[in-house]
Every structure is written in structure tokens, then in C-alpha cells.
Amino acid sequence: MPYSEQTVTTVRPWSDRTFSLTLTRPADFLFANGEFVTIGLKREGKLIARAYSIVSTADDDHLEFLSIHVPDGPLTSELAKVQPGDSVWVNSKATGSLTLSHVLPGRNLYLLATGTGLAPFMSMVRDPATYQAYEKVILVHTVRNIAELAYREELENTVSDVFRYVPTVTREPFERSDRCSDLFISGGLFKELDLPRAEPEHDRVLICGNPDMNRQMTSTLRETGWTMTNHSGVANFSVEAAFVIHHN
């Protein structure tokens, strides 16, 4: 697929491991909220690229991404050094399985994320259309350290009768230390939010995180009557498995 050269407009560090960056958006670039696109840097004439979920919404005039800094990562180690004015190359086609079109309409929508798996859900919670499709939208985000709760202030300010935000931290003292998947599976999440336990007949789940969490949730949901979206149609839960989110 062809790539276009775009310009970095802002860089925002969240912690020593995570950061966000915004780029100019190609005029003809289309995507659905929740999708990802391959972006990269050119080094010595060679493009080094990987898939990143898009944080900004389909209506924004820019592209925003959330990344972890892997010191020996061929792309992230270099991407962490970019500054406004630098070039990043963006693929012309976005894709992914974490859009509203991948799950049926329902009662409550649960968005479960670890680490930078938050990214696709940011574009969804920023979109008013998400709240028109469900009675409530619940975002549960698990990270290792408090500083890695990217967009925390924005999300806390978005909380309403329709939107609930549940951050959890596993390696520092915090009000919640359980992983998002454990909160969901144990039922503690529903008790805390005073909501009925999620049911496949009524509710929908989107999952994006480290492979262990993805596998844990996929196995548990399938064993309890949920159906995962595949190429043949939509169902009541979906997992982004096209690329690996590096941390939790």
C-alpha cells in the first residue's frame, strides 16, 4: 500500500515509557473510529513501520497516536525521538476489528484495554455517535504505573450518566489494582458501577491489550456463551488481534 509523508505537529510524553504524537492528516485519508493504520519512519532510505490504532476521531483534521517506547524496538525507539516538524509516513488504508460495526447494537458497551490498547477506544469515546448506540459505555484501562494512565484528565472530565471510566494500576498504590479482565470476570466491575452483570444477549465487549489479557477474555467469554466477531459477520464481542500491544 502507498504511504504519504506527514508532519509531526505535537508530541506529548505521558511517562518514561509512553507518549502521544499528532500528525497532519492526508486529505483523502478515511477511517472508522477504532481502526488502526500502519505508520513508519524512513531510515537510510528504508521504511520501518508498524500498526498503530488511531486516537483521534474520523472527523478530526489531524491524526493522533499513542505509543510505548521500547528501547530496542526498531520503530518505537526512533519514534520516541521525533519532534514537531519531523516526518512520519502514513499508510493510505486503515482497518481493524474494534469499530461499532463489528458488534451488534445492545445495552451496555464495555471497552477493556491494557497499556496503549487504550488508543482505539479514545476515538470511540470522543465520538457522540457511540453514546447513541448504547445505554452506557464503560471504559476500563489497566496500566502498570499511574503516569501511564494516558488521557486520564480528559476521560475523567467525560464521565457522565452514559460514560463510565475505570482506571486500574497494577504496580503502584492506587484505588484499583486488579486488571481490567479480572474486574470483568470476577463481577467486581459490575458491583462497583451498580450495573447488571454483562450478558451476551444484551451487552457488547471490545478488547485491546496485551496477548495474555486478550486470550483470557476471549476464552472466558466464549466459555460463557459469547460469540466473537469474525469474517462472516458481527457478534457480541471483538478483539483486536492484528498487532501486539506491548505492555499492561
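**The cysteines and their setting**

Guide: Happy to. The count of disulfides, meaning pairs of cysteine sulfur atoms within 2.5 Å, comes to zero here. Cys180 takes part in no disulfide, and the nearest cysteine sulfur, which belongs to Cys208, lies 10 Å away. Seen from the other end, the sulfur of Cys208 has its closest cysteine sulfur in Cys180, and because 10 Å separates them, they are too far apart for a bond.

A word on what you are looking at: this is a predicted model, in which local features need pLDDT of at least 70 and side-chain atom pairs count only at pLDDT 80 or more, while totals for chains, interfaces and linings use all residues. Residues are numbered from 1 along each chain as its sequence is written, and side-chain values use heavy atoms, with hydrogens and water left out.

Are these two cysteines buried or exposed? Buried means under 20% relative accessible area, exposed over 50%, and partly exposed in between, using a 1.4 Å probe and protein chains only. Cys180 has 0% relative accessibility and so counts as buried. Cys208, also at 0%, counts as buried too.

Now to the chain around them. Of its 248 residues, 53% count as buried. The protein chain holds seven helices and 11 strands; these are DSSP runs numbered from the N terminus, with helices (H or I) of at least four residues and strands (E) of at least two. The radius of gyration, taken over C-alpha atoms, is 18 Å, close to the 18 Å from the globule rule (2.2 Å times the number of residues to the power 0.38), so the chain is as compact as a globular protein of that length. Its C-alpha trace spans about 55 × 40 × 30 Å along the principal axes. Among contacts (heavy atoms within 4.5 Å) with a separation of 6 or more, 72% join residues 24 or more positions apart.

Glu44 is in the loop between strand 3 (36–43) and strand 4 (46–53), and its phi is near 55 degrees, a positive value in a residue other than glycine. At 86% relative accessibility, Glu44 counts as exposed. Tyr151, in the loop between strand 8 (136–143) and helix 4 (152–158), has a positive phi of about 65 degrees although it is not a glycine. Tyr151 is buried, with a relative accessible area of 4%.
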